[in-house]
Every structure is written in structure tokens, then in C-alpha cells.
Amino acid sequence: MYSNVIDWYIDFANLLSRAINSTGTENSSLLARYYYLRGLAYLMQEKFQEALSDFQSLYKTDRDIFPKELVKKVIGAMPPDQCKHASRKPELKRLISIMLEKEGDATTSDEHVKTFQLPKTHMHQEDFMKRIQESGIVKDVDTILRLFDALTIGE
């Protein structure tokens with residue numbers, strides 16, 4: 001028996017952590033559900049940064065169950081010092097900025113890369129550069145050329 005509800009949430013989060021660590025990345029749907037539940041358990045313990053980290057992992061894994069409105073509320077309700085601290089972490093900074101963007105802007109920028117298709121045949125350097133720039137992955141020409149050389153092993 002638990003002496004209070006918070007102890008139950010702590011135990012629940014620990015069990016989910018073990019489940020996450022023992023689940024392979026090939027089972028992303030199950031991992032997404034674990035991150036979702038552990039994020040909720042962290043919220044109940046008022047561990048906002050941990051909850052946002054789990055929701056960030058969920059955002060990367062399965063956007064269909066991503067609790068967008070809940071995450072926006074959490075960001076809005078966080079004490080300013082915690083929000084500032086979370087914004088310093090690169091993974092949370094991106095999530096916070098996406099959640100604070102206008103609705104249309106966030107989906108547009110993510111959908112562009114999401115619909116990008118990998119080529120099915122060998123590509124010449126010029127075509128490779130054009131596709132990479134269109135995908136929005138990298139814009140810098142020198143970086144694209146280094147990437148092309150690395151992928152083609154100089155051939």
C-alpha cells in the first residue's frame with residue numbers, strides 16, 4: 001500500500017523507466033505510450049522538465065498521441081525560473097519554441113521534411129545538392145558537398 005498518491009506516481013514512473021530501458025527502438029509505438037504515461041506521472045509529481053523531456057521523446061516518436069494542448073499548458077504554467085532553465089536545454093528549447101509558435105507555422109515547417117522522400121537511384125552531385133537544399137535539412141553548400149563526399153566515399 002502507498003502512504004500517499006505521490007508515492008504511487010513515483011513508483012509508476014520508475015516502473016515505466018524500466019520498461020522504456022528494456023524496450024527496443026524497433027517498437028516505437030510501445031515506447032511512445034510509455035513516454036506518454038511517464039510524462040503524465042512526472043506532471044503529477046510537478047517534475048515539469050522531466051515531463052517535457054518525455055513529451056519531447058514522444059513528439060519525435062509518435063505525433064498522433066502527442067498531447068499538444070497539455071504541453072502548451074505545462075509550458076504556460078511552469079514557474080519562470082524552471083521555464084528559463086528548460087529553455088537552455090537544446091531538446092526542450094526546440095519543443096518549447098514549437099509549442100509557442102503559431103499553429104500553422106509549426107505544422108508547415110515539420111511537414112516539409114516529413115514528406116521528403118529518399119532517392120531510389122544513384123544521384124549526381126548537383127541533383128544531390130538540389131534535393132538536400134529543398135528538403136531543408138542543410139542549406140550550406142560546403143556542408144552539403146562534404147555530406148555528398150562522405151556518403152559516396154569520394155567516388
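At what angle do helix 5 and helix 6 pack, and how far apart are their axes?

**Entry 1: ground rules**

I am looking at a predicted model, where local features need pLDDT of at least 70, side-chain atom pairs count only at pLDDT 80 or more, and totals for chains, interfaces and linings use all residues. Residues are numbered from 1 along each chain as its sequence is written, and side-chain values use heavy atoms, with hydrogens and water left out.

**Entry 2: the overall picture**

I found nine helices and zero strands in the protein chain. Helices (H or I, at least four residues) and strands (E, at least two) are DSSP runs, numbered from the N terminus. I noted that 32% of the 155 residues count as buried. My cut-offs are under 20% relative accessible area for buried, over 50% for exposed, and in between for partly exposed (1.4 Å probe, protein chains only).

**Entry 3: back to helices 5 and 6**

Here is my answer: helix 5 (residues 80-88) packs against helix 6 at an angle of about 115°, and the axes are 5 Å apart. Axes are lines fitted to C-alpha atoms, for helices over the stretch in contact, and angles run from 0 to 180 degrees between N-to-C directions. The two helices are therefore roughly perpendicular; angles under 35 degrees count as roughly parallel, over 145 as roughly antiparallel, 65 to 115 as roughly perpendicular and the rest as oblique.

I then looked up who touches whom, with contact meaning heavy atoms within 4.5 Å. Helix 5 brings Cys83, Ala86, Ser87 and Arg88, while helix 6 brings Pro90, Leu92, Lys93 and Ile96.

**Entry 4: the two sides of helix 6**

Which residues of helix 6 (residues 90-100) are buried? I listed Leu92, Leu95, Ile96, Ile98 and Met99.

**Entry 5: salt bridges**

How many salt bridges does the whole structure have? My search found three, each being a side-chain nitrogen of Lys or Arg within 4 Å of a carboxyl oxygen of Asp or Glu.

- Arginine 33 meets aspartate 62 at 2.8 Å, N to O. The pair links distant parts of the chain, with arginine 33 in helix 2 and aspartate 62 in the loop between helix 3 and helix 4, 29 residues apart. I read 35% relative accessibility for arginine 33, partly exposed, and 13% for aspartate 62, buried.
- Aspartate 54 meets arginine 38 at 2.6 Å, N to O. Aspartate 54 is in helix 3 and arginine 38 in helix 2, so the pair ties together parts 16 residues apart in sequence. Aspartate 54 is buried at 3%, and arginine 38 is buried at 12%.
- Glutamate 69 pairs with lysine 72, with the closest N and O atoms 3.9 Å apart. They sit three residues apart in helix 4, so about one helical turn separates them. Glutamate 69 is partly exposed at 48%, as is lysine 72 at 25%.

**Entry 6: a loop residue**

I ended on glutamate 46, which has a positive phi of about 60° although it is not a glycine. I located glutamate 46 in the loop between helix 2 (28-44) and helix 3 (48-61). Glutamate 46 is exposed, with a relative accessible area of 58%.
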